Amino acid sequence: MIEKIDIRHMRVLLHLVREKNVSRVAERLEISQQAVSNYLKRMREVFPNELFLRQSAGLQPTDYAYDLAAKFEKIVEEIDGIFNSFPFDPATSEYVFRVIANEYAQLSIIPSLSLLMRERAPGVKLEVIDFNPDQHFKTLAQGEADLVIGFSDYVDPGLVRNRLRSDHYCCVARQGSLLPRQIQVLADVSLHPHVDFASGVGNLGSRVDDFLSARDVSRTVIATLPCYTSLHAFMHVNDTVAFVPSAIAATGGFQVIDLDMSSLNFNVVVGWHRRASGSVSRDWLVQVIAGLHTSS
């Protein structure tokens with residue numbers, strides 16, 4: 001029976017509960033009093049309890065009608081929200097975008113993204129949240145962040161995801177080091193000290209191990225760092241080699257050793273929860289990010 005009730009019935013009930021008068025409801029909804037009465041008659045047929053009691057001053061809603069109105073109000077608000085998308089004007093907006101980003105994204109994507117955002121939307125701000133593999137889906141689902149940027153291996157597949165770029169690992173030494181001259185083929189890296197990184201959400205180090213093992217290349221690791229950020233300072237004192245994503249190597253302070261490691265690749269994605277689909281502001285940010293990497 002409930003299929004006989006549509007959004008128009010719900011609106012009539014909500015107004016009757018507020019106005020308690022058929023003629024005033026008809027005036028507000030710009031329909032005839034007979035149409036209001038017909039809607040009310042249909043609802044009386046569908047629902048098992050009385051909705052209104054007739055009194056000299058008008059209609060008195062029953063407790064059941066009040067409970068029903070509370071439920072209808074939520075439904076009507078949700079439906080109205082579909083068509084009430086707030087406009088987003090980058091030139092005047094002061095919106096604060098909250099972006100979850102792993103270390104790779106923080107070093108190689110976020111700086112350029114911030115610059116481009118300031119050019120296109122000077123009032124918009126960017127708040128960066130550290131990537132957490134166990135929390136990022138929930139954070140996005142609850143509307144506490146707009147986007148996540150990270151390795152496809154770790155960004156939850158339940159999110160809507162777009163590939164931003166493919167990248168690959170490369171071998172680096174510090175600026176001014178003589179090691180690049182001494183390393184002509186991949187096997188030569190076995191002759192020199194290495195700095196490694198802890199495997200996990202910020203580093204796909206296990207792929208490096210597999211890549212080298214498959215080619216019977218060993219290495220002597222003198223230190224394992226938790227993140228890429230400390231590599232520059234470490235290499236300033238220690239003349240070593242390291243395997244890092246090419247985008248990290250491009251941030252400066254490193255020499256890339258000429259070795260073919262293009263097959264040691266991975267994907268970087270941007271993702272968002274389905275609840276944010278259709279968001280004008282989120283769509284704008286995704287377009288900015290996509291444009292950034294198309295031009296890079």
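Apart from the core described next lies another, of 24 residues, among them Leu14, Val17, Val36 and Val76. The largest nonpolar core has 62 residues, and Ile149, Leu231, Val244 and Leu285 touch the most other members. A nonpolar core is a set of buried Ala, Val, Leu, Ile, Met, Phe, Trp, Tyr and Cys residues joined through side-chain atoms within 4.5 Å; buried means under 20% relative accessible area, exposed over 50%, partly exposed in between (1.4 Å probe, protein chains only).

## Basis

The model is predicted: local features need pLDDT of at least 70, side-chain atom pairs count only at pLDDT 80 or more, and totals for chains, interfaces and linings use all residues. Residues are numbered from 1 along each chain as its sequence is written, and side-chain values use heavy atoms, with hydrogens and water left out.

## Helix 9

Helix 9 spans residues 205–214, and its buried residues are Gly205, Val208, Phe211 and Leu212. They lie on the same side of helix 9, because they cover an arc of only 115° around the axis. The face turned away from this buried side carries the exposed residues Asp210, Ser213 and Ala214. Strand 6 (160–174) and strand 9 (242–245) are included in what covers the buried residues.

Just after helix 9, Asp216 takes a positive phi of about 55°.

Methods:
Helix = DSSP H or I, 4+ residues; strand = E, 2+ residues; numbered from the N terminus. Arc of directions from axis to C-beta. Contact = heavy atoms within 4.5 Å.
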